[in-house]
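Q: Could we go through the inside of this model together?

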Amino acid sequence: MPNRRRLDDELDRLLALARRYGRPLSVALVDIDHFKRVNDELGHQVGDRALIEVVTRLSALLRQGDLLGRWGGEEFLLLAPYAKHDAALDLAERCREGIARTPFPGVGHLTVSFGVATLTGDDDARSILRRADLALYTAKREGRDRVVGMPGLTDAGELDSSPERNGR
């Protein structure tokens, strides 16, 4: 599983390619909802097994070319090259449903929240990640177990920071 350093490098590479060839690029921050409770109540070994199972399930739902890596703690970053905003929202929703659908051995049901952002004309790594983080924060604040997206530019070319919501 790629770590944060590898994800930073890969995001920089994908940003350069997206700009050079005029291709879409979306990113999603993924957080396991209430995961601290799993570690606190069931122990870190159970939590570690649950993390591995979350990654396995998410990886099985990704498209070829997507990259999922550990961003920190129970947070992951999904890099989705060639994914326009609607496609990235659909991918995130499919992943969210895939986690929520089936109980985890020894844990029960887990849910995840997604914050999705799509490359805009002026984005760099920091700004696209900031929008994904804001979308994730919105998903958490609005009850978790959902996908929230920050689309990027409006049809008029202005930054649209109004969240789009999918999920429950």
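**Cavity, pocket and cores**

A: Ser26, Val27, Ala28, Leu78, Ala80, Ala88, Leu91 and Val116 line the largest cavity. On a 1 Å grid over the protein atoms alone, a cavity is a set of points where a 1.4 Å probe fits but cannot get out, and lining residues have an atom within 4 Å of a point. This is a predicted model, where local features need pLDDT of at least 70 and side-chain atom pairs count only at pLDDT 80 or more, while totals for chains, interfaces and linings use all residues. Residues are numbered from 1 along each chain as its sequence is written, and side-chain values use heavy atoms, leaving out hydrogens and water.

Q: Which element gives the most to the lining of the largest cavity?

A: S1 does, with three residues. Helices (H or I, at least four residues) and strands (E, at least two) are DSSP runs, numbered from the N terminus.

Q: And what volume does the largest cavity have?

A: About 30 Å³, taken as the space filled by probe spheres set on the points, with grid points joined across faces, edges and corners.

Q: Switching topic, which residues line the largest pocket?

A: The lining includes Asp33, His34, Arg37, Val107 and Thr111. A pocket is an open set with protein on both sides within 12 Å along at least five of seven lines. The volume of the largest pocket is about 170 Å³.

Q: Which residues touch the most other members of the largest nonpolar core?

A: Ile32, Leu58, Leu110, Phe114 and Val116, out of 29 residues. Such a core joins buried (under 20% relative accessible area, 1.4 Å probe, protein chains only) Ala, Val, Leu, Ile, Met, Phe, Trp, Tyr and Cys residues through side-chain atoms within 4.5 Å.

Key
Buried means under 20% relative accessible area, exposed over 50%, partly exposed in between (1.4 Å probe, protein chains only).
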